Amino acid sequence: METVFVLSALKLVGYGLGVIGAGIGIGIACYGCCTASARQPELAGRLFTNFIIGAALVEALGLIGFVMSFLV
Amino acid sequence: MNPLDALKEEIPHLKASFDSAFLVGEGGIGLTQYVFWMFICLALTLIVVLVAAHKLKPVPSNKFVNMVEYGYDLVRGGVAKDAIGHGYKRHVPFLASIFFFILISNFVGLIPGCKTPTGSISVTWALAIVSFVYFNYWGVKAHGGLGYLKSFCPSGLPIVLVPIVWFLELVSACLRALTLAVRLYANMFAGHMVLGIFALLTSLFISYAINNTDLMYALPAVGWVLFLVAMYALEVLVAFLQAYVFTILSAVYISLATSEH
């Protein structure tokens, strides 16, 4: 019982640690998108598309961690 | 029993309701709930697109046709033209069909009582493999078999680095199918899990308040309902965004595979 509890708790801790990276990544991407579109509002549409692509690629890593925490 | 303790016992049931249970047949061959809803979404997609195409006019006056046309224009102008560039027109049918199918699947799942087909890893794997095969096919068509394999490595590298970079690019190209599948699945699954937990909490707190005639326990339920509505709004956004992301990533992969390095 004790080991099962520790294992499931460790899974959550590991997932939380993994998400730190994805969070920082999306934060930096959003920061770049905001500052760039403030400087050049006419490019905002294309910048937003690129931001979505980058955020999706970063997010995939976080989500793989999420799925792993269920599977393992 | 305290509603928070009751939640712990309810969560395995909630999790089990997301497993692909058989509606018809059992064992190896049958119809699972996700496949059943996938067929419904497929039929819906066909009906929506065919009806809109039937009523197409140079100046649309019908709101429904206008909506479908806006979605098509988003895929054509916003996704295919921007991401692929030259020669984007032949990829628009593929991208548009993927976009509409995923969009309708995601939205069908938001209706209470329905299941989203994209909340099952098997369905998203199938979609991702379709996309994977498609962009590899066009890559081979553009460069030839050997040329396509060579085109993974950008030109102008020192000769020592070429095998390493080539191998890394090959691995990342193979991982594209995995990430496409897992992203869509995990977003849908996690979103519906959160919605389910908030709905469960609401019902548990209300039933506890009624059973024990303790009004203090009904107050948190109001908060849970508000959370539920807020998450629902977020899920509507995510449902659209994931369909958009899947389409635009497919378009980017196609452009990477077919472009001249």
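**Rings and interface**

Start with a cluster: ring pairs link Phe94(B), Tyr134(B), Tyr137(B) and Trp138(B). Keep in mind that this is a predicted model.

How many aromatic pairs are there over all chains? The count is 17. Take Phe132(B) and Phe135(B): the ring centres are 5.4 Å apart and the planes meet at 80 degrees, so this pair is edge-to-face, the cut-off being over 60. Both residues sit in helix H5 of chain B, which covers residues 121-143. They are 3 residues apart, about one turn of the helix.

Phe135(B) has 1%, so Phe135(B) counts as buried.

Next pair: Tyr148(B) and Phe152(B). The centres of these rings lie 5.2 Å apart, with planes at 50 degrees, so the pair is tilted. Tyr148(B) is buried at 6% relative accessibility. Phe152(B) is buried too, with a relative accessible area of 12%.

Now the contact between the chains. Chain A gives 13 residues and chain B gives 18 residues. The area buried between chain A and chain B is about 1300 Å². Carbon and sulfur atoms give 81% of that area. On the side of chain A that touches chain B, the classes are 10 nonpolar, 1 polar and 2 charged residues.

What about salt bridges between chain A and chain B? The count is 0. For polar contact, the count is 1 residue pair, with both residues at pLDDT 80 or more.

Conventions
Residues are numbered from 1 along each chain as its sequence is written. Chains are lettered from A and ligands numbered from 1 in the order in which they are written. This is a predicted model: local features need pLDDT of at least 70, side-chain atom pairs count only at pLDDT 80 or more; totals for chains, interfaces and linings use all residues. Side-chain values use heavy atoms; hydrogens and water are left out. Contact means heavy atoms within 4.5 Å. Buried area is the accessible area (1.4 Å probe) that two parts lose on being put together, summed over both. A salt bridge is a side-chain nitrogen of Lys or Arg within 4 Å of a carboxyl oxygen of Asp or Glu. A polar contact is a pair of N or O atoms within 3.5 Å; within protein, one must be able to donate a hydrogen and the other to accept it, and residues adjacent in sequence count only if both atoms are side-chain atoms. Ala, Val, Leu, Ile, Met, Phe, Trp, Tyr, Cys and Pro count as nonpolar, Asp, Glu, Lys and Arg as charged, and the others, Gly among them, as polar. Rings of Phe, Tyr and Trp (its six-membered ring) pair if their centres lie within 6.5 Å; planes under 30 degrees apart count as stacked, over 60 as edge-to-face and the rest as tilted. Helices (H or I, at least four residues) and strands (E, at least two) are DSSP runs, numbered from the N terminus. Buried means under 20% relative accessible area, exposed over 50%, partly exposed in between (1.4 Å probe, protein chains only).
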